[in-house]
Amino acid sequence: MIKLKPSVEKLNAYFVNDVPCKVKLDANEGSNYLLKEGLHIDNLQANIYPDSDCKVLREKLSKYYNCKTENILVGNGSSELINMVINAYCEKKDKVVSFIPTFSMYQTYCDLCGAEYVGVKCNEDFSQNIDNLIEKILEVNPKIVLLCNPNNPTGYVTKKDEIIKLLNNVNNSLIIIDEAYADFLGDSVIDLINKYDNLVVMRTLSKAFGLAGLRVGAMIGNEELIKYIWKVKVPYNVNMLSQIAAIKALDNINLVNSYIGEVNRLREELSRNLKKIKFTVYDSGSNFVFVESPVDNLFEKLMNCGILIRKFNFNGKIYYRITVGTEEENEILINEIRKLL
Ligand code: PMP
């Protein structure tokens, strides 16, 4: 077999646990509430390419994100956009700084283009010290800084004034704030894109909008930066069906806020119930909780009864990330755990 390039050869393919399950709480997906009735499309013009610039979709998104259409570039999930930006800015050996633990794909995207991923450790309680991050940035002068807020998988929320401190102290790196879960937080730094020309915000319809299957993400920055980055966008990167479905879904944007409120309520309820049965639950600003379990091998035991969650091993210690499900799903989860205690 012809060998892949060395930085890629060592990678493992992204593992998706697709065992059949009755309750799926492993991937932080939302409910199917925006396209409940499915999608009926007449006269699909599949013979022509989709709108490469996603003009109508960007217009709809700009209303929700409270910015201009020109501030948005749409991607095939925010995954495509994060990879695209890292690739566009980083040559081999360029540095990318981020907290660890965080979204594991950042490291993979760096490996793909040979960039060096420099991780700044979170505190023991998974809180993140922005001064430590700034110190490392000033030391290694990275091309890119990636901050996931709220953080995946810990749920930790970096306060806006800390992000502003980061932006005020770092001018020579592109600062990407990955706000995949920020809809649940109700706070964002999108309003700062015109103040800081090195700021890019990543958003997605995969979580709070419950549209992970459509693969629609958005990159938001000041007009000049977005125009500049446009040159590395693959043509027709968002397919026609996804554009049509997302536009339709966004016509019901009023439902999004009530869904978010409901998930936040259910997260607090789930946290309380897990604490009652002796779990350690970390504060989360997201649609998942990050926990330590009093039950050994919780992941395997829950999988055996049809419930899928995520397991992490940090410094030899096991943690779990559990997506907030529906009221019923959360109840099934708690009942099954009770039986395991
Ligand atoms: N960023 C974070 C922090 C995520 O957790 C995810 C999905 N798990 C993504 C980006 C990518 O999301 P998508 O490609 O579905 O937009």
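Between domain 1 and domain 2 there is one salt bridge, a term that stands for a side-chain nitrogen of Lys or Arg within 4 Å of a carboxyl oxygen of Asp or Glu. Select Lys10 and Asp111 to see two side chains that meet in a salt bridge, at 3.9 Å from N to O. This is a predicted model, in which local features need pLDDT of at least 70 and side-chain atom pairs count only at pLDDT 80 or more, while totals for chains, interfaces and linings use all residues. Residues are numbered from 1 along each chain as its sequence is written, and side-chain values use heavy atoms, with hydrogens and water left out.

**Stop 1: the two domains**

Colour residues 6–30 and 254–340 as domain 1, then 55–251 as domain 2; these bounds come from an automatic or database domain assignment. The centres of the two domains, taken over C-alpha atoms, are 24 Å apart. Domain 1 gives 27 residues to the contact and domain 2 gives 28, where contact means heavy atoms within 4.5 Å. Together the domains bury about 2,100 Å², with 64% of it on carbon and sulfur atoms. Buried area here is the accessible area (1.4 Å probe) that two parts lose on being put together, summed over both.

**Stop 2: the domain 1 side of the interface**

Six residue pairs are in polar contact across the interface of domain 1 and domain 2, both residues being at pLDDT 80 or more. A polar contact is a pair of N or O atoms within 3.5 Å; within protein, one must be able to donate a hydrogen and the other to accept it, and residues adjacent in sequence count only if both atoms are side-chain atoms. Now show helix H1 (6–9), helix H10 (254–276) and strands S10 (288–292), S12 (310–314) and S13 (317–323), the elements that give two or more residues to the side of domain 1 that touches domain 2. Helices (H or I, at least four residues) and strands (E, at least two) are DSSP runs, numbered from the N terminus.

Which element gives the largest share of this side? It is H10, with six residues.

**Stop 3: helix H4**

Select residues 105–113, helix H4, where Met105, Tyr106, Tyr109, Cys110, Asp111 and Cys113 are buried. Buried means under 20% relative accessible area, exposed means over 50%, and partly exposed is in between (1.4 Å probe, protein chains only). The buried residues of H4 pack against several elements, including H1, helix H3 (77–89) and strand S3 (95–100). Step past the end of H4 to Gly114, which has a positive phi, near 80 degrees.

**Stop 4: helix H12**

Go to residues 327–340, helix H12, and pick out Asn330. Is Asn330 buried or exposed? It is buried, with a relative accessible area of 5%. Leaving aside residues up to four places away in sequence, Asn330 touches Leu266, Leu270, Val324 and Gly325.

Next, select Glu327 and Arg265, whose side chains meet in a salt bridge (3.4 Å, N to O). This pair links distant parts of the chain, with Glu327 in helix H12 and Arg265 in helix H10, 62 residues apart. Glu327 is partly exposed at 37% relative accessible area, and Arg265 is partly exposed at 37%.

Further along, Lys339 forms a salt bridge with Glu336, their closest N and O atoms being 3.4 Å apart. Both lie in H12, three residues apart, about one turn of the helix. Lys339 is exposed at 62%, whereas Glu336 is buried at 14%.

**Stop 5: a buried pair**

How many salt bridges does a search of the whole structure find? The search finds 22. For one of them, select Arg203 and Asp183, with closest N and O atoms 3.1 Å apart. Arg203 is in strand S7 (residues 199–204) and Asp183 in helix H7 (residues 182–185), 20 residues apart. Both Arg203 and Asp183 are buried.

**Last stop: Val232**

Finish at Val232, in the loop between helix H8 (223–229) and helix H9 (240–250). Val232 is partly exposed, at 35% relative accessibility, and touches Met84 and Ala88, not counting residues up to four places away in sequence.
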